[in-house]
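Good morning, everyone. Please have the sequence and the model open while I talk.

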Amino acid sequence: MSLESCPDAVNQLLKKLGAKNLKAVDIVTLTPAEEDEKYENVVGILLTIPRDMIKSTGEDQAEDIFYVERDTAGLGGIVSLINILGNGLDKIQFEEGSALKDWIDSAKEMSPVDRAKSLSENEALQNAIKLVLGDSVTPHDDVTHRMVSFVQLNGKAYEMNGVSEKAINIGDAQEDELVEKVAHRCMNYFEGEKETKFNLIALILEN
């Protein structure tokens, strides 16, 4: 199952997973000052870029970030979304009985790989996801782009690309600086590229 990189698809899945006060919006510029008001209360960011740009690196990796390894789970961009939700429990409100909230609570002490295995075996979550996305699977060789997720916690910004063993600490950042930090990270990804198709979605808290 794959998650389409557009706010409508993400919002449908958020609703089905029981996240009540969160919505997805497009980020249309890498210069945040142009649209500061729109990007207030950002919980996380989804960046979709060509698959071959995402590589495991030797950068500083974080132990205490909720992170699911992607390939073991077999859920593509859905894992990137869950990586954001799993780090936002202090802000995100879930419907009572949310299968995702129950699973996150049960998986807190697991390793990233064990979380991925547990997620792939959780029938309640799998069924909820299938209701929105269907059960078709895109062959690995046909996947051209992948999602990377970003969050801000405890004064730091973190990248979760699903390839590295753990989340990557990409530097100091306050809550209102995540979009700017991700914009700089994008520049690192795109350095030397003549043309790159990418997409940015912010997950923001609704009033």
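Before that, a caution: what you see is a predicted model.

Let us start with the sheet. How many strands does the open sheet have, and in what order? There are seven, with antiparallel pairing, and the order is β1-β7-β2-β4-β5-β6-β3. Now look at the two ends of that list. β1, residues 22–26, and β3, residues 61–62, are the edge strands. Each has a single partner strand, so one side of each has no neighbour in the sheet.

Next, please find β4, which covers residues 145–153. On one side, β4 pairs with β2 in the antiparallel sense, over six bridges. In that pairing, Pro 50 has His 145 of β4 as its bridge partner. β4 also pairs with β5, residues 156–160, again antiparallel, over five bridges. Here Gln 152 is bridged to Ala 157 in β5, and Val 151 stands opposite Tyr 158 in β5. β4 and β5 form a hairpin with two residues between them. In the turn, Asn 154 has a positive phi of about 50°.

Is β4 enclosed or open to the outside? Eight of its nine residues are buried, so β4 is largely enclosed by the rest of the structure.

Now the helices. α1 lies across β1, β2 and β7, and runs at about 170° to β1. Helix α3, residues 77–85, also packs on the sheet. The strands touched by α3 are β1, β2, β4, β5 and β7, and its direction makes about 5° with that of β4.

α1 has a helix partner as well. α1, residues 7–16, packs with α6, residues 123–133, at an angle of about 145°, and their axes are 9 Å apart. Which residues make the contact? From α1 they are Gln 12, Leu 13 and Lys 16; from α6 they are Ala 128, Ile 129, Leu 131, Val 132 and Leu 133. By class, that contact of α1 with α6 has six nonpolar residues, one polar and one charged. The crossing of α1 past α6 is right-handed.

On to the rings. A pair of aromatic rings is described by the distance of the centres and the angle of the planes. The count here is one aromatic pair. Phe 66 and Trp 103 have ring centres 5.9 Å apart and planes at 90°, so the pair is edge-to-face. Phe 66 is in the loop between β3 and α2, while Trp 103 is in helix α4, so the pair ties together parts 37 residues apart in sequence. Both Phe 66 and Trp 103 are buried.

Last, the loop residue. Where is Ala 173? Ala 173 sits in the loop between β6 and α7. Ala 173 is buried, with a relative accessible area of 1%. Leaving out residues up to four places away in sequence, Ala 173 touches Gln 152, Gly 155, Lys 156, Ala 157 and Lys 181. Between Ala 173 and Gln 152 there are 6.8 Å in space, C-alpha to C-alpha, although they are 21 residues apart in sequence.

That is the end of the tour. Thank you.

Notes
Residues are numbered from 1 along each chain as its sequence is written. This is a predicted model: local features need pLDDT of at least 70, side-chain atom pairs count only at pLDDT 80 or more; totals for chains, interfaces and linings use all residues. Side-chain values use heavy atoms; hydrogens and water are left out. Axes are lines fitted to C-alpha atoms, for helices over the stretch in contact, and angles run from 0 to 180 degrees between N-to-C directions. Helices (H or I, at least four residues) and strands (E, at least two) are DSSP runs, numbered from the N terminus. A crossing is left-handed if the near helix is turned anticlockwise from the far one by less than a right angle, and right-handed if clockwise. Contact means heavy atoms within 4.5 Å. Ala, Val, Leu, Ile, Met, Phe, Trp, Tyr, Cys and Pro count as nonpolar, Asp, Glu, Lys and Arg as charged, and the others, Gly among them, as polar. Two strands pair if DSSP finds at least two bridges between them. Rings of Phe, Tyr and Trp (its six-membered ring) pair if their centres lie within 6.5 Å; planes under 30 degrees apart count as stacked, over 60 as edge-to-face and the rest as tilted. Buried means under 20% relative accessible area, exposed over 50%, partly exposed in between (1.4 Å probe, protein chains only).
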